[in-house]
Structures are given as structure tokens and as C-alpha cells.
Amino acid sequence: MNDTPLHVLLIDDNAMRASVIKEGLREAGHDRVTIVTEMRHLLRQVVEADPDVIFIDLENPNRDVLEQMFQVSRSVHRPVVMFVDQSDKAATEAAIDAGVSAYVVDGLRKERVRPILDMAISRFNAFHRLREELDRTRQALEDRKTIDKAKGILMKRRGISEEEAYALLRKTAMNESRRVAEVARSLVTAARLLDK
């Protein structure tokens, strides 16, 4: 993972603290570091920078600042490392819910940057794979429900068996170079329009 230098966006309004993280990143072989010190329009700045990883360093964040940072984490699909000097259970849970890959409390030292970065990327990738698998499973379940509805429509309107209804959906899908679920979705939509 660290063979190719990553573009790291470092969000910190304290130049001294930012320099500690930047030095740790350089020692880890990551020289492409963009520092953002202005917190207004933060999401737009993050999107424009298009980083591989986001480091957020907050000394004593209040709830509004934390929520803004969590919004960044939810909006951009990148590993996010957040350093805070102090935290409570609610802030930690909110960070996890927002998708923060590493939430480090009172641990800002340059020699810790590389292992934290590696862990954040690994955790982000693992979470991303789980999310994709969940999305595929949900889609397969939704497709199955739609196909079952379409089969029911065909069985009722044409007076055919379930196997014949599925064979008709499959044949239509092959003839139109579409997926069975797409044909089923079209049939269900058309049936709704005709039944109104």
C-alpha cells in the first residue's frame, strides 16, 4: 500500500500540529500532502483536492466542528484519520457511525503516523468490501422479489405455471440482451400502469 505515494489531505488549523503529521507522513514516504487550514467550505475544498486519504487534526473540537468533520467523512469515500486531544463516548460512536477509519485520541506523534495510516487504509478497504457485499446481497434480494412479482403477473394474466413464467422472462431477457431482473422490473412497472 505504501509503495506508491498517496495524496494526503491534512485538515488542521494549527500549523505547528500540522507540521508534526506532515513530517510523519514524509518519513513514511508520502510527500504529496496538501494542508487545509481554513474550515469554511471544507467539503468543497476536500472534493477539489481529491485526496487518497484525509487526516483531520482537532485540538479541542466542539460539537459543531465534530459534526462538520463527520459530514466530510460521510460525504467522501476515502479513508479518514481523525486526531483529537480529548473525546467522550458519544463523539467516538459518532465518528464510527460517520465512517471515520481511525479515531485517535491524544496520540499525535510523528512516529505513529505510518502505522495509523496503514491501519486506516486497511480498515477502510475492509469496510468498503463489506459494504459492497451487502449492497450486492440487497440488490439480489430486491431482484428476486421483482422476479417473483413478474412471475405472478404472468401466471395470473396468461394462466401459466411458475416455471413457464420464469422461462418466458428468461427468454425475453436473452432476446433483448438484458438481465432477467431488468425485464421483470419493466413488466412490473407496465402492469402497475395498466392496472390504474
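At roughly what angle do the axes of helix 1 and helix 5 cross? They cross at roughly 75° and come within 8 Å. Axes here are lines fitted to C-alpha atoms, for helices over the stretch in contact, and angles run from 0 to 180 degrees between N-to-C directions. Helix 1 and helix 5 are therefore roughly perpendicular (65 to 115 degrees). Helices are DSSP runs of H or I with at least four residues, numbered from the N terminus.

This is a predicted model: local features need pLDDT of at least 70, side-chain atom pairs count only at pLDDT 80 or more, and totals for chains, interfaces and linings use all residues. Residues are numbered from 1 along each chain as its sequence is written, and side-chain values use heavy atoms, without hydrogens and water.

Now look at the contact (heavy atoms within 4.5 Å). Helix 1 brings Ile21, Gly24, Leu25 and Glu27. They meet Val113, Arg114 and Leu117 of helix 5. The contact has 4 nonpolar, 1 polar and 2 charged residues.

Move on to helix 6 (residues 162-175) and helix 7 (residues 180-195), whose axes come within 8 Å and cross at roughly 110°. That makes helix 6 roughly perpendicular to helix 7. Tyr166, Leu169, Arg170, Thr172 and Ala173 in helix 6 meet Val180, Val183, Ala184 and Leu187 in helix 7. This contact divides into 7 nonpolar, 1 polar and 1 charged. Asp, Glu, Lys and Arg count as charged; Ala, Val, Leu, Ile, Met, Phe, Trp, Tyr, Cys and Pro as nonpolar; the others, Gly among them, as polar.

Key. Helix = DSSP H or I, 4+ residues; strand = E, 2+ residues; numbered from the N terminus. Parallel < 35°, antiparallel > 145°, perpendicular 65-115°, else oblique.
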